[in-house]
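Subject: Structure handover

Hello,

Here is the structure we talked about handing over. Please open it first, then read my notes below.

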Amino acid sequence: MLAAVLAAGLAAGLLLVGRALVPVRRALASLDDGIKSFKDKDFSLRLAAGKQDEIGALLSLYNDIGDSLREQRAAIRQREVMLQTVLQATPMALVLTASEDRIVYANRAARDLFSPGERLQGHRFEDVLKGCPGAMREVFAARADALFTVDQGGEEETFHVAQREFHLDTRRHTLFMVRRLTHELRRQEVEIWKKVIRLMSHELNNSLAPITSLTHSARRIAGMPEHAHRLETIFATIEERASHLTSFLEGYARFARLPRPGKERVEWGPFLEKLRALCAVRLEGPAPAGTGWFDPMQIQQALINLIKNAGESGSPAEEVLLSIESAPERGARLRIMDRGSGMDEEVLRRSLVPFFSTKPAGMGLGLPLCREIVEAHGGWLRVENREGGGVMVTFWLPPA
């Protein structure tokens, strides 16, 4: 009888416990579904909390976590939309590449610059650059910040390129930022020309006013024989002021009246011997064999200006290097390198603007004059900072 009573009581207890665990099983099943939805990044599922017990508190906590994650995701989406809008509207071309040089992001300005009307994502950046001008391909291949000018649609366009590398999810990414500087440089050139006009007006007045005064004095003395000995001093002063004015104007006129280059075949060996007799520079590697096709006097002047700038940059003299690569079918590529202080971004952007100089007594005509000479030959010139310090100026001269 006791065994029968215990058996009946155990069966009744198991039945009651089973009925009591049904809500717990349902709650755990719901939690299982909810956590799976979290794994799938779906935070919209909510659970009925029901009773105010431990299970209800656990379900309420799940709902609170879901609400918090949903709000955070909405905020992230809003920021992504805002960032995407800003990146698409910016005039700076942005290209992000990942492994194997594949493009993972490109904004509207990048598509317009590199491949109008076509999608860039998924393509190799090297393949996209094949349709770009040679100067642009050279800059991106160098993987350094640089300033360069190319011809687009019959007009010169100047660009500043910055390249940055970083790691995202253990993968190396490279961000290319291309800024069109043509309009800004033109505005700066207008400001520079205004400054030059004021400078020239000031310098002319400083010379012409004394000349006018001395001429008036000479006329008066001419009628006074007893003061005739003073005429020599007056004429010497007038001559000195006129000579200074001529020298001053000649420096600016030289930039404005650059003649068309008289191209001819030039033997590299004799050309470099004459250059090294005029300025100290160390040649990196052997002198190229064969000939180049350019105006020797103009290219010599450009190289002298660039070597002089490199020597004045604070670089040790032995670190000022000239590198020349020449081939009859590919033209000639010349590089002048130093280990000076380099250029910050602002100076690099304005380095090709006429009359801009960081030197107290500089006229700011060296680099612009070199660019004019190289482009008159049909070539291109770019300026960039070197890795490890210093500046490298590269220019290319086309073949005959």
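What follows is a short tour of the fold, the sheet, the helices and one loop.

First, a caution: this is a predicted model.

Overall fold. The protein chain holds eleven helices and twelve strands. Of its 400 residues, 38% are buried. Take the contacts with a separation of 6 or more: 56% of them link residues 24 or more positions apart.

The sheet. Ten strands form an open sheet with mixed pairing. Read across, the order is β2-β1-β5-β4-β3-β11-β12-β10-β9-β7. The edges are β2 (103–106) and β7 (282–283). Each has a single partner strand, so one side of each has no neighbour in the sheet. Further in, look at β10 (residues 331–337) and β12 (residues 391–397). They run antiparallel and are joined by six bridges. In that pairing, L334 sits opposite F395 of β12.

Helices on the sheet. Two are worth a look. α8 lies across β7, β9 (321–327) and β10. Its direction is at about 165 degrees to β9. Helix α11 (residues 366–376) lies across β3 (146–152), β4 (155–168), β11 (380–385) and β12. The angle between α11 and β11 is about 140 degrees.

Helix against helix. α8 (residues 268–278) also meets α9 (residues 296–311). Their axes come within 11 Å and cross at roughly 40 degrees. The two are therefore oblique to each other. The crossing is right-handed. From α8, the contact uses F271, K274, L275 and L278. From α9, it uses P296, I299, Q300, L303, I304 and I307. By type, these residues are eight nonpolar, one polar and one charged.

Which residues here have a positive phi? E100 does, with phi near 60 degrees. D101 does too, with phi near 65 degrees. Neither residue is glycine. Most residues other than glycine have a negative phi. Both E100 and D101 lie in the loop between β1 (93–97) and β2. Are they buried or exposed? E100 is exposed, with a relative accessible area of 63%. D101 is buried, at 15%.

That is the set. Send me your comments once you have been through it.

Best wishes

Definitions and conventions: Residues numbered from 1 in each chain as written. Predicted model: local features only at pLDDT ≥ 70, side-chain atom pairs only at ≥ 80, totals over all residues. Heavy atoms only, no water. Axes fitted to C-alpha atoms, helices over the stretch in contact; angles between N-to-C directions. Helix = DSSP H or I, 4+ residues; strand = E, 2+ residues; numbered from the N terminus. Parallel < 35°, antiparallel > 145°, perpendicular 65-115°, else oblique. Left-handed = near helix turned anticlockwise from the far one by under 90°. Contact = heavy atoms within 4.5 Å. Nonpolar A, V, L, I, M, F, W, Y, C, P; charged D, E, K, R; others polar. Pairing = 2+ DSSP bridges. Buried < 20%, exposed > 50% of the residue type's maximum accessible area, 1.4 Å probe, protein only.
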